[in-house]
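I opened the model to look up two things.

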Amino acid sequence: MSTRRLMIGILVVCNLGLYTCNYIKTKKERDTIQERKSMRLPDAPPKTLTMEEQCGARVKQLRGKLDGSFQFVVAPPFVVAGDMDHPQLEKHTLWSVVKPAKALWTSYFKRRPDQVITVLLFSGQKSYRKWASALFGHKDVSYFGYYTDENRTLVMDINTGGGTLIHELTHALIVYDFPNVPQWFNEGLASLHEGCRVGEKEIVGVLNWRLPILQKAIASKKLRSIKELTLDEDFYGAHVDENYAQARYLMMYAQKKGVLATLYRNMRDNGGKLSDYQVLTRVFGGKAEQLESEFIEWAQTLVLPR
Ligand SMILES: [Zn+2]
């Protein structure tokens with residue numbers, strides 16, 4: 001029922017002098033809804049402000065909603081807030097936000113954000129779930145963390161590790177440089193970075209837990225071709241786990257061949273002229289069948305360190 005109709009209903013009831021209890025109950029409900037809404041984090045400040053002004057205004061908004069257990073670090077375009085001590089928050093900001101972002105800009109992304117990106121780091125599931133619900137109304141959230149495009153915000157349980165943060169950071173930054181990035185490529189590049197080494201100028205994906213999923217699919221002959229992966233319009237559908245594993249290791253294969261940056265640029269600048277698969281095969285030397293078989297052969301040689 002709309003608030004207007006509800007108000008009219010209440011006025012009618014009051015005038016008749018009836019159903020007083022019902023009125024109280026309804027008022028309580030209204031107050032609870034109002035209270036929940038007042039906890040919500042407002043939209044990020046407008047991009048008409050300078051980046052420094054946006055960051056300052058965002059910190060103010062966050063201070064108004066979060067409690068006294070939170071610390072803040074500003075590293076434009078990022079505003080990072082976390083319920084931990086300040087040195088710890090600074091460490092996470094440096095190693096899981098600032099350094100990886102610098103490496104991503106150096107290696108891949110030409111256009112940088114013109115809007116503040118909010119990073120919320122929570123020290124445990126309880127606090128993560130509580131604040132995801134209070135600030136955004138997000139209930140059923142992923143175990144590790146997530147990125148929400150509507151407010152350019154990363155929400156993380158940082159106790160689960162920094163890998164997911166760098167995965168989501170890739171999503172948060174790629175949208176400014178490659179707004180129409182296909183799902184398989186976006187998730188492939190982001191998941192490559194969930195296990196990585198971060199240098200001053202480069203970010204290098206390393207083997208991680210998705211490898212056994214890929215190798216199992218290869219061994220049972222259930223892995224689809226790379227062509228099918230690139231044509232799948234629902235990356236998150238029935239083949240989601242294999243899709244992530246295949247896309248991640250395809251990116252790692254490009255990294256090993258020294259063509260990942262070229263692949264990124266060609267994908268971004270293609271402008272719909274070629275299919276994703278045509279771009280891929282060209283970057284890998286032009287022979288589709290060879291790419292399909294060599295990728296499988298290479299993937300089978302990989303061994304996850306214990
Ligand atoms: Zn992702």
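**Entry 1: the sheet**

I found an open sheet of 5 strands in the order E1-E2-E3-E5-E4, with mixed pairing. Strands (E, at least two residues) and helices (H or I, at least four) are DSSP runs numbered from the N terminus, and two strands pair if DSSP finds at least two bridges between them. E1 (71-75) and E4 (145-148) are the edge strands; each has a single partner strand, so one side of each lacks a neighbour in the sheet. On average, neighbouring strands are turned by 15° against each other, direction ignored.

This is a predicted model, in which local features need pLDDT of at least 70 and side-chain atom pairs count only at pLDDT 80 or more, while totals for chains, interfaces and linings use all residues. Residues are numbered from 1 along each chain as its sequence is written.

Gly82 stands opposite Leu121 in E3. Helix H5 (residues 125-136) packs on the sheet and touches E3, E4 and E5 (153-157), with its direction at about 140° to that of E3. Contact means C-beta atoms, placed from the backbone, within 7 Å; angles run from 0 to 180 degrees between N-to-C directions, and axes are lines fitted to C-alpha atoms, for helices over the stretch in contact.

**Entry 2: the helix pair**

How far apart are the axes of H8 and H10? I read 8 Å, with a packing angle of about 105° between H8 (residues 211-219) and H10 (residues 240-257). The two are therefore roughly perpendicular (65 to 115 degrees). H8 contributes Leu211, Ile213, Leu214 and Ala217 to the contact, and H10 contributes Asp241, Glu242, Ala245, Gln246 and Tyr249.

Key: Contact = placed C-beta atoms within 7 Å. Parallel < 35°, antiparallel > 145°, perpendicular 65-115°, else oblique.
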